[in-house]
Amino acid sequence: METKILNANNLKHIELCAQTIREGGLVAIPTETVYGLAANALNEMAVANIFSIKGRQSDNPLIVHISSTSNVPELVDSIPTIFEPLAKKFWPGPLTMVMRKSNKIPDNVSAGLDTVALRIPNHPAALKLIHTSGCPIAAPSANLSGSPSPTKAIHVKNDIDGKIPYILDGGNCSVGLESTVLDISCDIPTILRPGGITFDEIKSVIGNVIVAFDTDNDKPRSPGMKYRHYAPKAPLTAISGPAELTAQYIKNNLDNDMAALMFDDYGLDHPNIITFGDSHDFTAQAANLFDALRRADKIGVVKILAQLPSEKDLGLAVANRIRKASGNNIIYLIDSDIFTKKRKEGNNGL
Ligand code: TXA
Ligand code: MG
């Protein structure tokens with residue numbers, strides 16, 4: 001099958017994609033976070049094709065995308081009271097909410113769980129497409145499982161060319177990393193995956209929220225988090241610590257057959273160094289990270305080093321993706337002054 005790139009600004013092209021989805025086919029669509037591999041969420045066969053095209057594990061559930069909150073009641077079993085203020089504040093946008101599912105949701109969408117993850121994306125072409133299709137749309141990121149998520153139409157083409165008829169090209173994704181997955185089906189709302197909406201933003205609306213996205217557990221509540229993800233082909237080592245130290249480490253250790261992802265304000269003039277935003281600019285880092293990982297691979301190196309940002313605000317999600325891309329292969333650098341000070345204080349719990 002030939003994969004055609006269509007224009008997300010062209011209504012006829014959106015209609016063609018909507019028709020493909022209505023007929024049980026798959027298309028790649030832009031969202032504000034990453035490109036999604038879209039199919040009718042209520043068509044079990046179409047959903048099964050998403051899993052096979054991506055090479056995705058069947059125990060990893062999909063997010064269902066809708067264009068209006070009026071679609072929520074038929075897809076869920078009950079609506080928690082915190083849903084409304086969260087939807088009001090963050091939808092359309094990069095927040096996915098997990099609720100108990102209704103029996104309309106096919107089992108393969110939710111990978112056998114009794115919950116469903118819903119979101120309204122903040123992208124005009126995605127919203128138009130969902131509305132025109134007339135059905136909820138299941139869409140994981142449109143990359144092959146394990147590789148960096150696509151933030152440009154060409155990334156999708158590079159991964160799944162020939163497997164779907166259309167890629168709707170909406171340019172670069174503005175956020176650049178995936179939505180925050182928030183479970184609101186439990187007593188204490190829990191962030192299962194950090195993403196485009198930060199912990200503090202959610203806390204400011206509902207007061208009580210916790211984070212549980214560690215992956216050491218065999219049965220994490222968000223099954224996708226247990227897999228190595230977002231990874232370039234070359235093994236990646238994440239370097240954690242103050243930016244001056246991590247930059248110095250990279251400078252000292254970068255060989256010709258290696259590439260490095262560095263912050264703009266610490267980058268070195270070297271053909272194998274790819275900068276992905278200022279050390280304090282988490283928004284830029286989020287927008288550039290996945291493209292930078294793909295570019296690093298293109299250089300054809302045997303190893304990639306990456307500076308980890310500090311894990312606050314959107315930096316938490318950026319660092320989470322780099323950590324996952326490294327398969328938890330992380331070098332921790334500690335400022336020797338801080339180390340000496342802590343030791344003098346008798347505090348070794350660094
Ligand atoms: O920004 C995004 O969320 C993008 C765009 C396309 O919307 N989608 C995306 O989908 O990142 P995907 O499939 O790559 O990641 C979905 C994540 C996985 O970690 C999955 O395990 C989790 O959401 N998830 C889906 N349904 C869930 C559920 N019912 N309970 C817990 N986690 C769920
Ligand atoms: Mg994904």
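In which loop is Asp 313 found? Asp 313 is located in the loop between strand 15 (303-307) and helix 10 (315-325), where helices (H or I, at least four residues) and strands (E, at least two) are DSSP runs, numbered from the N terminus. The structure is a predicted model, in which local features need pLDDT of at least 70, side-chain atom pairs count only at pLDDT 80 or more, and totals for chains, interfaces and linings use all residues. Residues are numbered from 1 along each chain as its sequence is written, chains are lettered from A and ligands numbered from 1 in the order in which they are written, and side-chain values use heavy atoms, with hydrogens and water left out.

The backbone of Asp 313 has a phi near 50 degrees, a positive value in a residue other than glycine. Asp 313 counts as partly exposed because its relative accessible area is 44%; buried means under 20% relative accessible area, exposed over 50%, and partly exposed in between (1.4 Å probe, protein chains only). Ala 111, likewise not a glycine, has a positive phi of about 50 degrees and is placed in the loop between strand 5 and strand 6. A further backbone feature is the peptide bond from Trp 91 to Pro 92, which is cis, with omega near -10 degrees. Pro 92 belongs to the loop between helix 4 (83-90) and strand 5 (95-100). Most residues other than glycine have a negative phi, and most peptide bonds are trans.

The chain is divided into domain 1 (4-211) and domain 2 (236-340), with bounds that come from an automatic or database domain assignment. A distance of 28 Å separates the C-alpha centres of domain 1 and domain 2. To the contact between them, domain 1 gives 23 residues and domain 2 gives 13 residues; contact means heavy atoms within 4.5 Å.

Ligand 1 has 27 residues around it, of which Thr 33, Arg 56, Asn 60, His 65 and Ser 179 come nearest. A residue is near a molecule or strand if one of its heavy atoms lies within 4 Å of it. By class, this shell around ligand 1 holds 13 nonpolar, nine polar and five charged residues. In this classification Ala, Val, Leu, Ile, Met, Phe, Trp, Tyr, Cys and Pro count as nonpolar, Asp, Glu, Lys and Arg as charged, and the others, Gly among them, as polar. Oxygen atoms of ligand 1 take part in polar contacts with side chains: an N or O atom of Thr 33 is 2.7 Å away from one, a polar atom of Arg 56 is at 2.8 Å, and a polar atom of Arg 193 is at 2.9 Å. A polar contact is a pair of N or O atoms within 3.5 Å; within protein, one must be able to donate a hydrogen and the other to accept it, and residues adjacent in sequence count only if both atoms are side-chain atoms. Taken alone, ligand 1 exposes 680 Å², and 97% of that is buried by the protein; accessible areas come from the Shrake-Rupley method with a 1.4 Å probe, and for residues only the protein chains shown count as cover. Strand 4 (63-65), strand 6 (115-119) and strand 10 (190-193) are the elements that give two or more residues to the shell around ligand 1. Strand 6 provides the largest share, four residues.

The loop between strand 6 and helix 5 (124-133) contains His 123. His 123 is classed as buried because its relative accessible area is 14%. The side chain of His 123 reaches the backbone nitrogen of Ala 125 at 3.1 Å. Leaving aside neighbours within four places in sequence, His 123 is in contact with Pro 30, Thr 31, Glu 32 and Gly 170.

Asn 40, in strand 3 (residues 36-40), counts as buried because its relative accessibility is 13%. The side chain of Asn 40 reaches the backbone nitrogen of Leu 42 at 2.8 Å. Not counting residues up to four places away in sequence, Asn 40 touches Ile 21, Ala 46, Val 47, Cys 135 and Pro 136. In helix 2 (residues 44-54) lies Met 45, which counts as exposed because its relative accessibility is 65%. Met 45 and Asn 108 are 63 residues apart in sequence, and their C-alpha atoms are 9.3 Å apart in space.
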